[in-house]
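Please have the sequence and the model open while reading.

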Amino acid sequence: MPRPERSSPVPPTPHDLSARRRKARRQSRQQALRAGTEPRRSAPAGDVVLAYLRIQAGVLTSLEPQVRAGEHDSVHQMRVATRRLRATLRSFGAVIPRSRGEKLAAELKWLGGLLGVARDGEVIPDHLLATLRPTPPELLIGPVQARVQGHFAPRRASAREELIEALDGPRYRELLAALDQLCHELPSGPRAGDPARDVLPAAVAKAYRQADKRMRRARHTPGGPAQDAALHQARKSARHARYAAEVTRPAAGRPAKTFARQMKKVQSVLGDHQDSVIARQAARDLGIGAHLVGENAFTYGLLHEREANRAAQLQAEARHVWRHAARRRYRRWLH
């Protein structure tokens, strides 16, 4: 008897992907919580910062098997853990001296860079294909979807190979050893023993001021690559302020949580803007490649224009979101 034909796998819907992300985050956090408990509200600053470091270190190590297995969103979540750890080491010098965490922060930046390249290889082609999806057939001139996939497939494979090689290497093992050692040492900064509520909000305020300064600078920067770069820097500062507030939440409570949520909104819009910048450059490169082999590059120009329009919309949205996030009522707890 002939074998029945296998049905083609149904691609996951956005709802399915969102549910998977939530499940992955929940599992990672449950695993990480075993690495440390949440400190009391009256705890010293050193205890609060150390507890956060332990949780994020647990998240990072718990995600390694998922990254190796190529599970959806695991690369992004591991990258977030490296960023949270770096932000903590950079933000609270009065608790953990920068001289103590400087080398580890540099190694986390190295790992985050590898994860970032792998993440872009996953996200940008999906972004471009989603932008193409509503395009009328008469405007899809040439093998556009195939060229997008063919352009990114070797880059994605190369980035993944480099990442797995790094996870197998001595540099990553030394990073984990240094992180483990830090998570088992009492912070030795000059204010590590002071109440967290008296120490940590000042670091959040400093991160916020930097974000505010960079948002102002981006607003006054002429449009084009310079403004794109300025907005990218503003996004980094908003993310830094968000993570610093997350560290402070056990001591500051709901105000810190609300502030972090507002910074996350700013970070998300500016992150979408940065993805649009990268996608616009990819559309240009794809168009040049198509032209050089004699294909019509019209559709890539269309892609580029759509991404440029999307970037302009996101810039306007970012200004609106920042004005709301920067309201005084979200910052009264800072000092």
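## An aromatic cluster

Tyr208, Phe259, Trp322 and Trp333 together make up one aromatic cluster. The model is predicted. Over the whole structure, the search finds 3 aromatic pairs.

One of them joins Tyr208 and Trp322, whose rings are stacked, at 5.6 Å centre to centre and with 15° between the planes. This pair links distant parts of the chain: Tyr208 belongs to helix H7 (residues 196-219) and Trp322 to helix H10 (residues 298-325), 114 residues apart. Tyr208 has a relative accessible area of 7% and is therefore buried, because the cut-off for buried is under 20%. Trp322 counts as buried too, at 6% relative accessibility.

## The edge-to-face pair

How far apart are the ring centres of Phe259 and Trp333? They are 5.9 Å apart, and the planes stand at 70°, so this pair is edge-to-face; the angle for that class must be over 60 degrees.

This pair also links distant parts of the chain, with Phe259 in helix H9 (residues 254-292) and Trp333 in the segment after H10, 74 residues apart. Both Phe259 and Trp333 are buried.

## Ser74 in helix H3

Another residue to look at is Ser74, which lies in helix H3 (residues 74-91). Is Ser74 buried or exposed? Its relative accessible area is 2%, so Ser74 is buried.

The Ser74 side chain reaches the backbone oxygen of Glu71 at 2.7 Å. Leaving aside residues up to four places away in sequence, Ser74 touches Leu63, Gln66 and Val67.

Key:
Residues numbered from 1 in each chain as written. Predicted model: local features only at pLDDT ≥ 70, side-chain atom pairs only at ≥ 80, totals over all residues. Heavy atoms only, no water. Phe/Tyr/Trp six-rings, centres within 6.5 Å; stacked < 30°, edge-to-face > 60°. Helix = DSSP H or I, 4+ residues; strand = E, 2+ residues; numbered from the N terminus. Buried < 20%, exposed > 50% of the residue type's maximum accessible area, 1.4 Å probe, protein only. Polar contact = N/O pair within 3.5 Å; in protein donor to acceptor, adjacent residues only side chain to side chain. Contact = heavy atoms within 4.5 Å.
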